[in-house]
Amino acid sequence: MYEIMKNIPALKTCPFCKGPGLILKSSIMPGYPENNQYQAGCFNKDCKIQPRTRKWDDIYRTADKAINNAAENWNYRKD
């Protein structure tokens with residue numbers, strides 16, 4: 001199960017399709033809703049590349065820190 005995050009840090013657009021950058025939240029293990037992972041990327045189904053960052057979990061860091069790590073990782077590129 002996954003969820004597109006709302007109220008996230010500003011993300012750059014996809015460098016390939018110019019679609020919005022989004023952060024996806026998904027459960028690490030079913031039955032443990034308090035442990036999630038966050039991944040920034042292009043989730044546009046029409047984008048042929050669909051670049052994504054690595055997944056950042058909230059097991060050893062707060063959810064806000066994991067979300068910020070994913071956002072920084074996505075935005076760390078030249079336009």
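Let's start at Asp58, which touches Glu34, Asn35, Asn36, Tyr38 and Ala63, leaving aside residues up to four places away in sequence. Keep in mind as you look around that this is a predicted model. You will find Asp58 in the loop between strand 4 and helix 1.

What is the nearest side chain of opposite charge to Asp58, given that Asp58 is buried yet has no salt bridge? It is Lys25, 6.7 Å away. A salt bridge needs the side-chain nitrogen of Lys or Arg within 4 Å of a carboxyl oxygen of Asp or Glu. Asp58 does have polar partners, though. Its side chain reaches the backbone nitrogen of Asn36 at 2.8 Å, and the side chain of Asp58 also makes a polar contact with the side chain of Tyr38 at 3.5 Å.

Now let's turn to charges that do pair up. Side chains of opposite charge can pair when their charged atoms come close. In this model, the count comes to two salt bridges. One joins the side chains of Glu3 and Lys25, with 4.0 Å from N to O. Glu3 lies in strand 1 (residues 2-4) and Lys25 in strand 2 (residues 22-27), so this pair ties together parts that are 22 residues apart in sequence. Glu3 is partly exposed, with a relative accessible area of 42%, and Lys25 also counts as partly exposed, at 23%.

In the other salt bridge, the side chains of Arg61 and Asp57 meet at 3.5 Å, N to O. Arg61 is partly exposed, with a relative accessible area of 28%, and Asp57 is partly exposed too, at 24%.

Tyr38 now leads us to the nonpolar side of the story. The largest nonpolar core has 14 residues, and those with the most contacts inside it are Ile23 and Tyr38. Strand 3 (36-41) and helix 1 (63-75) are the elements that give two or more residues to this core. Helix 1 provides the largest share, five residues.

Our last stop is Thr53, in the loop between strand 3 and strand 4 (56-57). Is Thr53 buried or exposed? Thr53 is buried because its relative accessible area is 9%, while buried means under 20%. Its contacts, again beyond four places in sequence, are Gln39, Ala40, Ala70, Asn73 and Trp74.

Terms used
Residues are numbered from 1 along each chain as its sequence is written. This is a predicted model: local features need pLDDT of at least 70, side-chain atom pairs count only at pLDDT 80 or more; totals for chains, interfaces and linings use all residues. Side-chain values use heavy atoms; hydrogens and water are left out. A nonpolar core is a set of buried Ala, Val, Leu, Ile, Met, Phe, Trp, Tyr and Cys residues joined through side-chain atoms within 4.5 Å. Buried means under 20% relative accessible area, exposed over 50%, partly exposed in between (1.4 Å probe, protein chains only). Helices (H or I, at least four residues) and strands (E, at least two) are DSSP runs, numbered from the N terminus. Contact means heavy atoms within 4.5 Å. Lys and Arg count as positive and Asp and Glu as negative; His and the chain ends are not counted. A polar contact is a pair of N or O atoms within 3.5 Å; within protein, one must be able to donate a hydrogen and the other to accept it, and residues adjacent in sequence count only if both atoms are side-chain atoms.
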